[in-house]
Each structure stands twice: as C-alpha cells, then as structure tokens.
Amino acid sequence: MEKQNAIEVNHLTKGYPGFSLDIPQFVLPQGSIVGLVGENGAGKSTLIKLIMGMIHPENGSVILLGRDNRKDIHLLKEDIGVVLDQMGIPECLNSVQLGKILATTFLHWDESCYEQLIKSWKLPTDKEFKDFSKGMKMQLQLAVALSHNARLLILDEATNGLDPVIRDEILDILEEFTRREEHSVLLSSHIVSDLEKISDYIAFLHQGRLLLFDEKDRLLDNYGLLQCNGQELEALPKESVWIKRTTAYGIEAVVDRRGLSGVENISPVSLEELFIAMVKEGEQ
C-alpha cells in the first residue's frame with residue numbers, strides 16, 4: 001500500500017508588497033522529517049502559515065493528511081501539533097493551568113507525557129507564560145505539541161533561543177517521534193546543523209522560491225568541496241562548479257560530484273555550505 005504524504009503543496013502563491021512566494025510543488029512524505037532551510041525573509045513562516053490555513057493563498061492548494069486545508073483544517077486539530085514563533089498561549093496561564101485546559105480540549109491528551117516534558121525541561125509550574133523566556137515559551141509549546149498524540153508536527157524555528165543541550169534533546173525526541181511511520185515532522189530553522197542531524201529531506205527556500213528539494217543523504221553524496229588551483233579549476237566543466245573562493249591554500253569550490261568523475265581532492269560539504277553556495281549562485 002502506497003504511503004500517504006503528510007503534506008502536499010501544489011502551485012501555491014502568495015504576494016505582499018516587495019515579496020512573493022511561489023511554490024510549484026512541495027511534499028512531506030509520511031514518516032519523514034523535512035527540514036525547511038532559508039535565510040530570514042526567505043518565506044519559511046509564510047509557507048507554514050499557508051499550510052496551516054492561517055493566511056489564504058492567491059492560488060494553489062494544500063493537502064494535510066489527505067484533507068484539503070481550506071475545508072477541513074478544523075477537523076485536523078487532533079492530528080497536528082504546531083510550534084510557531086508567534087505564541088498562541090494565553091499569557092496569564094502557568095504550565096499547570098494550561099495542561100488542565102488542554103486536557104478538556106484534546107480527545108487524546110497525554111497528561112503524563114506533558115508533565116514529564118515539563119519536568120525534564122525544568123519549566124516552572126507557578127510562573128505565568130508572559131514571564132517565560134523565549135526559549136522556555138518554545139519548550140512549552142513543544143511540550144503541548146508532543147502531548148496530544150499528533151500525527152504531524154509543524155515547527156517554525158522551534159529550536160531558536162534554546163541552549164545546545166536542550167536543542168539536542170529536542171532533536172532526539174523528534175527522531176524518536178518519527179520512528180512510527182504514521183508520524184511526520186516539518187521543521188523550519190536557520191540553524192542548519194540541527195536540520196542536517198535529523199532531516200530525511202531538505203527543502204532550500206530563498207526569496208520565496210524553492211531552490212531545491214531532495215533527500216538529505218543524496219544531497220550530501222552529490223555535492224562536495226574541491227581544493228584546487230586556478231589551472232585545475234579552469235579545466236573543470238563550468239556547470240559542475242557552483243561557488244569558488246580563494247583561500248590561503250588555493251581555491252575552494254562547491255562542486256557537483258556527478259560531473260567530475262575521476263577528480264580527486266573533493267571533501268564532504270555541509271548543508272550550510274551547500275545552501276550558501278546555492279543562494280550565491282542564484283544571485284549571480
């Protein structure tokens with residue numbers, strides 16, 4: 001039986017003064033983690049708001065867990081956990097009060113999971129949400145998202161503002177979450193190293209355009225860093241060389257390995273280096 005996509009975006013457009021988003025196609029395969037990469041202003045939050053039905057597109061469609069988000073978003077609250085940079089939690093509530101309210105809101109609320117996350121992350125139980133730090137607010141939202149048995153998590157900069165130890169713990173939780181094949185995660189972040197650690201697929205977004213969408217492992221296999229001199233660089237096919245820079249040790253270039261069989265001195269490239277190269281290539 002063919003797996004259902006958790007998210008399907010088709011021909012989605014949205015315009016603002018000075019900015020437009022245009023996504024011909026974007027999918028999140030069920031059971032996978034898709035990392036959405038982009039600089040500030042690339043359109044990551046706009047895309048997520050369109051997916052969640054918080055704003056309306058000019059054209060196109062979004063299918064969430066097999067349902068049209070324009071018609072059925074209200075039916076999906078049990079199945080989708082959301083963490084957004086703009087908080088939706090009443091500022092006067094503490095974490096205990098919030099948990100009691102959500103226990104009456106969600107049919108499958110897991111109180112023990114919620115309490116365990118609050119305890120593990122050392123979140124206060126007597127402090128109002130408005131007095132939380134930004135990182136603590138993100139953690140509380142994530143605790144909520146993970147505590148009502150959602151099938152899909154949509155996280156916009158959810159690790160932003162967190163210390164490295166907590167970030168690493170959250171990434172481990174997300175990896176564990178997707179061990180069940182019906183669970184999926186869309187994680188937007190400008191911390192590319194986080195996405196490189198856990199993502200199955202990577203989507204590169206720049207100036208409202210999807211530059212590339214592919215399996216992470218295939219991207220890292222196909223591209224690399226080449227150390228060479230000027231003469232060696234000139235001998236390479238131009239379409240295989242993306243971005244080059246001169247260093248104290250010669251020339252370093254991000255290259256497409258597929259057109260460079262037999263070429264030595266190609267070392268692994270990080271997703272961050274690859275993204276920077278793609279952005280600069282697109283701006284030339």
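What covers the buried residues of H6? Let's walk there step by step.

Before you click, know that this is a predicted model, where local features need pLDDT of at least 70, side-chain atom pairs count only at pLDDT 80 or more, and totals for chains, interfaces and linings use all residues. Residues are numbered from 1 along each chain as its sequence is written, and side-chain values use heavy atoms, leaving out hydrogens and water.

**Stop 1: helix H6.** Select 164-177. Helices here are DSSP runs of H or I with at least four residues, and strands are E runs of at least two, numbered from the N terminus. Now colour Ile166, Arg167, Ile170, Leu171, Leu174 and Phe177, the buried residues of H6 (buried means under 20% relative accessible area with a 1.4 Å probe, protein chains only; exposed means over 50%). They sit on the same side of H6 because they cover an arc of only 140 degrees around the axis, taken from the directions from the helix axis to the C-beta atoms. On the other side, Pro164 and Val165 are exposed.

**Stop 2: the cover.** Show strands S3 (33-37), S7 (152-156) and S8 (184-189), with helices H5 (134-145) and H7 (192-198); what covers the buried residues of H6 includes these.

**Stop 3: the second largest pocket.** Select Cys113, Leu146, Ser147, Ile173 and Phe177, the closest to its centre of the 16 residues that line this pocket. A pocket is an open set of points on a 1 Å grid over the protein atoms alone, where a 1.4 Å probe fits, with protein on both sides within 12 Å along at least five of seven lines; lining residues have an atom within 4 Å of a point. H6 gives the most to the lining, with 4 residues.

Key:
Contact means heavy atoms within 4.5 Å.
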